[in-house]
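Let's walk through this structure together, one feature at a time. Keep the sequence and the 3D view side by side as you read.

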Amino acid sequence: MRSASDLTAKARIRDAALALFGSEGVNRVSMRAIAAQAGVSHALVLHHFGSKQGLRRACDAYVVSMIRPSEHTSQESDPLQDTSGLAAMLEAGTPVRRYLARAFLDGSPDAAALFDEIVDLTARWLAQGQREGWARPSEDPRARAALYVTWLLAPLAFDEHLSRVLGVTDLHAMDATLRYSRTAVEMFTHGVFADERALSAWDAVRKERET
């Protein structure tokens, strides 16, 4: 039976891996470096996770768990008012966001699986919103979910350029994150275009190509 201190050590190892994987990349970080960062033995890291890939999968699962609906959320609750996932993601802060940036850029099967799971969760969330009336219908729900996720994650990959344009030192700092994420939610809620000219132009191009 595991002790409380053992479980705490496991969380410390995971958090150390998140930070090191995010700052240096998975391939450049050794298990011994993670053990040193967490203040535990190399043997304990192996005991809990078995391998670097096992530790990587644990990090992926931890990040995905943040955006899953809370298991304590009732069926009748308003999903837009359940901020537990958002609060956890923001509270976790820089290490999680940097980990995500590295994960999606390294092209590994684990990163692909992580992205797919986030898209699946988002698709179900938007479908629920459509049923309940707080999300608009879409001609291609799967594409919308994928683009929604890609758009929200884009700042992680373009952090250097976005930091320059916004005039901030660290895009992963809380103030900067709240600034650009608030603007993203505003765009999703109110839209950008005031009429359908852009959509009509796109439809005209598609119709021309189909004829």
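Start with aromatic pairs: rings of Phe, Tyr and Trp (its six-membered ring) pair if their centres lie within 6.5 Å, and planes under 30 degrees apart count as stacked, over 60 as edge-to-face and the rest as tilted. What you're looking at is a predicted model, where local features need pLDDT of at least 70 and side-chain atom pairs count only at pLDDT 80 or more, while totals for chains, interfaces and linings use all residues. Residues are numbered from 1 along each chain as its sequence is written, and side-chain values use heavy atoms, with hydrogens and water left out.

Now find Trp-125, Trp-134, Tyr-148, Trp-151 and Phe-188, which form one aromatic cluster. The count of aromatic pairs comes to 5. Take Tyr-148 and Phe-188: their ring centres are 4.6 Å apart and their planes sit at 35°, so this pair is tilted. Tyr-148 belongs to helix α8 (residues 141-157) and Phe-188 to helix α10 (residues 174-190), so the pair ties together parts 40 residues apart in sequence. Helices here are DSSP runs (H or I, at least four residues), numbered from the N terminus.

How do the rings of Trp-151 and Phe-188 meet? Their centres are 4.6 Å apart with the planes at 70°, so that pair is edge-to-face. Trp-151 lies in α8 and Phe-188 in α10, so here the linked parts are 37 residues apart in sequence. For exposure, buried means under 20% relative accessible area, exposed over 50%, and partly exposed in between (1.4 Å probe, protein chains only). Phe-188 is partly exposed at 34%, and Trp-151 is partly exposed at 40%.

Rings can have charges over them too, meaning NZ of Lys or CZ of Arg is within 6 Å of the ring centre and within 35 degrees of the ring normal. Lys-10 lies over the face of Phe-49, 5.8 Å from the ring centre. Likewise, the charged end of Arg-14 sits over the ring of Tyr-62, 3.7 Å from its centre.

Next, helix α2 (residues 31-38). Which of its residues are buried? They are Met-31, Ile-34, Ala-35 and Ala-38. An α-helix has 3.6 residues a turn, so residues three or four places apart point the same way. The face turned away from the buried side of α2 carries the exposed residues Arg-32, Ala-36 and Gln-37. Just after α2, Gly-39 takes a positive phi of about 75°.

Methods:
Helix = DSSP H or I, 4+ residues; strand = E, 2+ residues; numbered from the N terminus.
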